[in-house]
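Hi everyone, thanks for coming. Let me put the structure up, and then we can walk through it together.

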Amino acid sequence: MGYNNFPIGVFDSGIGGLSVFRLIRSDLFNENLLYVADSGYLPYGNKPIELIIDRCVAITEFLLEHRAKAVVIACNTATAAAITDLRRRFSNILFIGIEPPLKPAVVQTRTGVIGILATGNTVLSNKFAELRQQYGQHCQVLAQACPGLAECVERGELSGADVNALLERYLGPLLEQGVDTLVLGCTCLLYTSTL
């Protein structure tokens with residue numbers, strides 16, 4: 001098998017990254033893809049950063065053992081926590097990360113008030129602070145950690161009283177502050193929007 005036929009590795013802590021996988025599949029339909037859902041450790045959202053980095057290293061090693069020619073980190077939290085370290089450790093491989101789409105939200109907003117739903121680790125990360133500094137300077141960017149939502153998605157629980165209660169808890173304060181544009185800063189939330 002020639003290098004061009006080697007797979008592109010894609011990983012997330014669970015099934016949320018399948019939203020990214022689907023986009024890659026539709027745009028690069030001739031590519032071989034290999035997906036890893038690290039379900040034993042999900043969600044990454046509030047786990048210690050060192051654990052997330054260790055998991056990302058282990059998954060990358062697995063993907064490289066399977067001859068991955070590039071690795072897509074289909075998780076905002078893993079990208080924020082580990083992409084710099086992965087690029088340093090595995091300098092011969094291309095890493096593509098995911099980050100909350102703040103730039104398009106800035107273009108879309110009419111009120112200048114943007115809400116972001118993401119994990120605690122994502123909203124507290126240096127990567128997110130850099131993104132906010134780069135694109136969100138002329139807007140009010142309200143970041144809302146949303147523990148529990150990823151677990152609901154992983155269980156296949158996309159509606160019902162528990163999900164509605166979580167959404168009301170996280171969206172209510174954002175809406176009260178005038179958010180007119182909402183960023184889904186977790187691939188698990190993107191996964192639910194593609195169903």
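How many positive and negative side chains does the chain have, and how far apart do the centres of the two sets lie? There are 15 positive and 18 negative side chains, with the two centres 5 Å apart. Here Lys and Arg count as positive and Asp and Glu as negative, leaving out His and the chain ends, and each charge is placed at NZ of Lys, CZ of Arg, CG of Asp or CD of Glu.

A quick word on the source: this is a predicted model, where local features need pLDDT of at least 70, side-chain atom pairs count only at pLDDT 80 or more, and totals for chains, interfaces and linings use all residues. Residues are numbered from 1 along each chain as its sequence is written, and side-chain values use heavy atoms, without hydrogens and water.

Now the whole chain. It has nine helices and seven strands, which are DSSP runs numbered from the N terminus (helices H or I, at least four residues; strands E, at least two). Of its 195 residues, 48% count as buried, meaning under 20% relative accessible area with a 1.4 Å probe, protein chains only. The C-alpha atoms fill a box of roughly 55 × 35 × 35 Å along the principal axes.

Let's zoom in on helix α2, residues 49–65. Its buried residues include Ile-52, Cys-56 and Leu-63. Among the elements covering the buried residues of α2 are β1 (8–12), α3 (76–89) and α5 (120–123). Just after α2, Arg-67 takes a positive phi of about 65°.

Definitions and conventions:
Expected span 1.5 Å × (residues − 1). Buried < 20%, exposed > 50% of the residue type's maximum accessible area, 1.4 Å probe, protein only. Contact = heavy atoms within 4.5 Å.
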